[in-house]
Amino acid sequence: MVHNKDVTRLLEKITESAQDIDIPEELHPDQMEIKLKARQQKRRKGYKAAAAAACLFLCCGAGGYTILCDSFRGGTQNGSIQESIQESTQGSMQTTKQTEQPNEMESHTKAKGPEQESGTAAQDQKAPDSQADQEQNLGKMYTLAQNYRDVYDTLAAAETSKIGYGTMESEMMEDLVANPGMSDKESARDDADADTGSMKSEDYSRTNLQVEGVDESDIVKTDGRYLYIAREDQVQVLDVQHGKPVEAGVIVPELHGDMDQICEMYVSGHMLTLLIQAEETAMRQDGGGETKKKAATDDAAMKDVYRIDTKAMTKIQTYDITEPKRAVLKDTLTQDGWYQTSRKIGGRLYLFTNQSLFLPQDLSRKEADMENGAAEWIPSVNGRAVAPDCIYLAKKGSDSLLAVSVDLDDHCRVADTKLLVHAYTQLYVTRDSVFLYHTDYAQNRERTRIARFSLEDDGSILAKAAASVKGSVMDTFAVHERDGYLQVLTTVTDAELSENRVYVLDHNLKITGKLTGLAKGEQIYSARFAGAVGYFVTYRNTDPLFTVDFSDPKKPKVIGELKVTGFSEYLHFWSDTLLLGIGYETNPENGERIGVKLSMFDVSDPSNVREKDRIVLEGVHDCDGMYDYKAVLVSKEKNMIALTTDTYSPVYQRDYRVFSYADGKFSSCLQRAIAKDGHYDDGKWRSVYVGDVLYLVGQNRTVAFAKNEGWKVIGRVEYRAI
């Protein structure tokens, strides 16, 4: 079994050996670790090893990748692409003179010195009346395209520098799609986990929210009367009004291919919103158009080359579920790309999809500016290519994020669309902003680049500001907004000894305060914020839990540090004065893992945090809740902590466990084997309560436990195939 510490050591060696090699930022060891940490536990292990191997291959044999790239792209690099690049080079020289501004990092260095990072706001200008006039560049992080030629130039430049890592990156993206919601390790305080529009007085659990009032999708939802369970090609509906689950019908969406699948869903009032991943496969012909004209004397080039292309699309389907047994399809929207995540604020849904962009083999720069045919290479919404004045271009990269604002109350009307061409990015969404952030590497220095887009009342998504800070954001919880200030925690690993940093940025992403040099030699594993106080965990062989006071945005300060053995991968507020940690117990001498650990921290005095109690599950190797927050249920009101754990030796076993916490002590209430004796279980499980009945919900069955009857099983439903 490969442990995290072994992979970390390997990655450190790879990083050290790769200092003089230009590795694409998407495959930098630290960036890969950030992506992989968001994966579900089982698949996470294999890919982390694959990431290390891929980075090692880049270090040892990058020269061979050029040949692989040519082969992968159909062997046509010597044709139209090279000529297109020549055209784009000439065109981009003119474009650069008009649009290029000083590098945001460099310009700030000149003004404030090498140790200070830059926050470049783009909203100093007077706000115009129209939305079109409000669109603007975000420093050098994102430049607003003037036409499709600008997009062409960016992709052509990416073609010249891209190493043939596309296959692995594509597989990574597809696997993230197979585990929707894993790219964001997210959670919220227990008092905030309510679907938008639901009443807190109703006695049933809701989906955990990263930000109160910003709803999130999941594979299981309840309205207190029914359980809605998203399976691959249907939604199972169970009636739970009388405790015992009873089949109440199946909703079968309109799917158009065997690869189509339901990712996640929302339930609000009498509306069910499905997020469906679809694929369109077609055979395409290369070697036509400009390629044939320019190689008319070359018999080999005249031979047509055919390839099978798969186009990813994400669909929104809304249903009227006034009568769940007879759900009625109301509206449909189709958006290009792999499903990454979504958020719902009131009746408006924000859908984020991603895909890698490639130039058509026979498309010249001159032809690129024609609106006709743009949908062949520019992502589309409902079949219409995103307009140039809605496209933001990073300095480099060919991945894209398509953000669409959809009014669910108005027949899925598209209120606004933004396309960002960049490297892979992560998101943090509040009621009025979406923050995009990613780590890149310049001159062997790592930095996190952040862009803020405002979410307007009319559904518009407007560019506002951009900034860069040192280090990498290692955990989604490490980004948090409070009272107009963004709090960001980073780990800097490019120094001789790693360190951790705390940043506070204002509404324009100008740095107002920061702390440096924290927990040298360690990295951040988890974080949580409450009011003006933030908590974060770093780790080497012991687990320091730091407390930071953010009450003065200009002067954040560490006010507490608690050292305990092991470390927490996930933090969740049990109450205003108690913080639950889920992670691992380790041997403080050598870091060897002993088992999964639950800790309860007393945070009533943030400057003097204490560990009140712990429970160690010796020999248990993993817990899904540490990597997928929706797989753990935490409720102080019901006094339950429900989760699944995995043990790999002497034989594999997955257990469903329920704990309580009272009088300063943890107690084990329930342990039930889900899979054992070598029968591997890779399913997703959710815990949902309605009243005093707890439901263990899986992809094939639901089991009901009566809390007030000693956790007795009172019902079980095996779903029937439709």
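The model is predicted. Four strands, β22 to β25, make up the open sheet. Strand β31 is buried along its length, with nine of nine residues counted as buried. The salt bridges number 29.

**The open sheet**

- The strand order is β22-β23-β24-β25, and the pairing is antiparallel.
- β22 (479-482) and β25 (511-518) are the edge strands; each has a single partner, so one side of each has no neighbour in the sheet.
- From one strand to the next, the twist averages 15°.
- Four bridges join β22 to β23 (residues 485-492), in the antiparallel sense.
- Across this pair, histidine 480 faces glutamine 487 of β23.
- As a general point, strands of a sheet pair through backbone hydrogen bonds, in either a parallel or an antiparallel sense.

**Strand β31 and its two partners**

- β31 spans residues 578-586, and nine of its nine residues are buried, so the rest of the structure largely encloses the strand.
- On one side of the pairing list is β30 (residues 567-573), which runs antiparallel to β31 over six bridges.
- Phenylalanine 567 has tyrosine 584 in β31 as its bridge partner.
- β30 and β31 form a hairpin, with four residues between the strands.
- β31 also pairs with β32 (residues 593-602), antiparallel and over nine bridges.
- Here isoleucine 582 stands opposite leucine 598, which belongs to β32.
- β31 and β32 make a hairpin too, with six residues between them.
- Glycine 591 sits in that turn and has a positive phi of about 80°.
- In a regular strand, side chains alternate between the two faces of the sheet.

- Arginine 654 and aspartate 624 form a salt bridge, with the closest N and O atoms 3.2 Å apart.
- The two residues are 30 residues apart, and their pair links distant parts of the chain.
- Arginine 654 belongs to strand β37 (residues 653-662), whereas aspartate 624 is in the loop between β34 (622-623) and β35 (633-635).
- Both arginine 654 and aspartate 624 are buried.
- Lysine 638 and aspartate 692 also meet through their side chains in a salt bridge, at 3.2 Å from N to O.
- Lysine 638 lies in the loop between β35 and β36 (640-647), and aspartate 692 in the loop between β39 (686-690) and β40 (693-697), so their contact ties together parts 54 residues apart in sequence.
- Lysine 638 has 10% relative accessibility, so this residue counts as buried.
- Aspartate 692 has 35% relative accessibility and therefore counts as partly exposed.

**Other salt bridges**

- Arginine 413 bridges to aspartate 410, and their closest N and O atoms are 2.9 Å apart.
- Arginine 413 is partly exposed, because its relative accessibility is 36%.
- Aspartate 410 is partly exposed as well, because its relative accessibility is 33%.
- Glu585, Lys597, Glu611 and Arg614 are joined in a network of salt bridges.

Note on methods. Residues are numbered from 1 along each chain as its sequence is written. This is a predicted model: local features need pLDDT of at least 70, side-chain atom pairs count only at pLDDT 80 or more; totals for chains, interfaces and linings use all residues. Side-chain values use heavy atoms; hydrogens and water are left out. Two strands pair if DSSP finds at least two bridges between them. Axes are lines fitted to C-alpha atoms, for helices over the stretch in contact, and angles run from 0 to 180 degrees between N-to-C directions. A salt bridge is a side-chain nitrogen of Lys or Arg within 4 Å of a carboxyl oxygen of Asp or Glu. Buried means under 20% relative accessible area, exposed over 50%, partly exposed in between (1.4 Å probe, protein chains only).
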